Amino acid sequence: MNRAEGYLRTVRRGLEDAPPEDRERLMKRLTEAVFAYLEEDPEAGEPDLIKVFGTPEDCAAELLEECDPARVAAVRRKRRAQLYAVIAVLVVLAVAAAAALFLGGGTAAPWMDSFSHGGHSSHGSGHHG
């Protein structure tokens with residue numbers, strides 16, 4: 001049902017810090033409640049869902065409160081560690097690329113020479129006789 005997909009997707013994103021099994025359980029319960037509501041009121045749209053269930057962000061925050069705070073904190077630590085690992089890999093790649101440029105003569109590609117010298121080739125005087 002298209003009317004609920006965006007709402008439910010946004011709620012799911014708000015539950016990223018929930019332990020996976022809790023997130024699935026909470027989303028299953030919410031999805032069932034949303035579809036039951038939409039069956040009762042076939043004309044209902046997302047504004048109606050917000051009136052009944054709250055904004056997706058508020059709904060997610062309320063559902064997240066049902067989770068064990070220690071487990072939520074553990075998920076947050078894990079996500080933060082993953083983010084730091086990705087940043088570290090990107091920094092290493094950037095340093096490696098800079099080193100390759102520096103050690104490789106300072107240019108990334110042969111066309112860069114002609115571009116950086118205003119389009120003039122270093123071969124010949126540029127004048128044709």
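**Exercise 1.** Classify Glu 21 and Arg 71 by accessibility, then state how they pair.

*Solution.* Start with Glu 21: at 47% relative accessibility it counts as partly exposed (buried is under 20% relative accessible area, exposed over 50%, partly exposed in between, with a 1.4 Å probe and protein chains only). Arg 71, with 33%, is partly exposed. The two form a salt bridge, with the closest N and O atoms 1.8 Å apart (the rule: a side-chain nitrogen of Lys or Arg within 4 Å of a carboxyl oxygen of Asp or Glu). The pair links distant parts of the chain: Glu 21 in helix α2 and Arg 71 in helix α5, 50 residues apart (helices are DSSP runs of H or I, at least four residues, and strands are runs of E, at least two, numbered from the N terminus).

The model is predicted: local features need pLDDT of at least 70, side-chain atom pairs count only at pLDDT 80 or more, and totals for chains, interfaces and linings use all residues. Residues are numbered from 1 along each chain as its sequence is written, and side-chain values use heavy atoms, leaving out hydrogens and water.

**Exercise 2.** Find which parts Glu 16 and Arg 79 tie together.

*Solution.* Their salt bridge has its closest N and O atoms 3.0 Å apart. Glu 16 lies in the loop between α1 (2-14) and α2 (20-40), and Arg 79 in helix α5 (residues 69-103), so the pair joins parts 63 residues apart in sequence. Glu 16 is partly exposed at 38%. Arg 79 is partly exposed at 34%.

**Exercise 3.** Count the salt bridges.

*Solution.* The rule gives 9 salt bridges.
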